[in-house]
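Subject: Structure handover

Hello,

Here is the structure I promised you. Please open it alongside this email, and read on for what was found.

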Amino acid sequence: RGVPLDPVPLWQTGGAKASEDQVQVAHIWQEVRRLMWNLVGIARTSERLLMAKHRIEIIQEEVRRYYRNYLVTMNLLELRNIVTVSEVMILSALRKTAYSTSPLSSPSTSRPTTPLV
């Protein structure tokens, strides 16, 4: 019934090797948690969000490098996904700060804040 599919080639690991050091993955996990809690939490400012955006871009590159050099594990997949979700949340929050303000912002500050949705 239709065109036969070509067989899927076996997965090639290239130069990737098993990581014996899970400390890097655990460290980045903790860093992302702290970053999101401290900079992208309930009371947000544009300045904090921009700081978080810059840091998550660096973390994203660290995870990509780790992903290329070591065999994929469940922890590494989860880390890659949480970093990607964090980046999406930060970018979304940056867009929202341009359009809304929070009752948490004081009249003396010119930077708007947005509650976590």
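**Helix packing and core**

H2 and H3 cross with a left-handed sense (left-handed if the near helix is turned anticlockwise from the far one by less than a right angle, right-handed if clockwise). Before the rest, some ground rules. This is a predicted model, in which local features need pLDDT of at least 70, side-chain atom pairs count only at pLDDT 80 or more, and totals for chains, interfaces and linings use all residues. Residues are numbered from 1 along each chain as its sequence is written, and side-chain values use heavy atoms, with hydrogens and water left out.

**Overall**

The protein has three helices and zero strands. Both are DSSP runs, numbered from the N terminus: helices are H or I with at least four residues, strands are E with at least two. Along the sequence the pattern is α-α-α.

The protein has 117 residues, and 27% of them count as buried (under 20% relative accessible area; exposed is over 50%, partly exposed in between; 1.4 Å probe, protein chains only).

Now the contacts (heavy atoms within 4.5 Å). Take those with a separation of 6 or more: 69% of them join residues 24 or more positions apart.

**The core**

The largest nonpolar core has 19 residues. Such a core is a set of buried Ala, Val, Leu, Ile, Met, Phe, Trp, Tyr and Cys residues joined through side-chain atoms within 4.5 Å. Those with the most contacts inside this core are Val 32, Leu 35, Val 40, Ile 56, Ile 59, Val 83 and Ile 90. Helices H1 (23-39), H2 (46-69) and H3 (74-97) each supply at least two of the core residues. Leaving out residues up to four places away in sequence, Val 32 touches Ile 56, Ile 59, Val 83 and Ser 86.

Axes here are lines fitted to C-alpha atoms, for helices over the stretch in contact, and angles run from 0 to 180 degrees between N-to-C directions. Under 35 degrees counts as roughly parallel, over 145 as roughly antiparallel, 65 to 115 as roughly perpendicular, and the rest as oblique.

- H2 and H3: the axes come within 9 Å and cross at roughly 155 degrees. The two are therefore roughly antiparallel.
- H1 and H3: the angle is about 20 degrees, with the axes 10 Å apart. That makes H1 roughly parallel to H3. On the H1 side the contact includes Trp 29 and Met 36; on the H3 side it includes Leu 79 and Met 89. The crossing is left-handed.
- H1 and H2: the angle is about 165 degrees, with the axes 10 Å apart. That makes H1 roughly antiparallel to H2. Residues that meet include Glu 31 and Asn 38 in H1, and Arg 48 and Tyr 66 in H2. This crossing is left-handed.

**Two residues in H2**

Is Gln 60 buried or exposed? Gln 60, in helix H2, counts as buried, at 6% relative accessibility. Neighbours within four places in sequence aside, Gln 60 contacts Val 83, Thr 84 and Glu 87.

Tyr 67 is also found in H2. Tyr 67 is partly exposed, with a relative accessible area of 28%. With neighbours within four places again left aside, Tyr 67 contacts Val 72, Leu 76, Leu 77 and Arg 80. The C-alpha atoms of Tyr 67 and Ala 16 are separated by 8.5 Å, though these residues are 51 apart along the chain.

Best wishes
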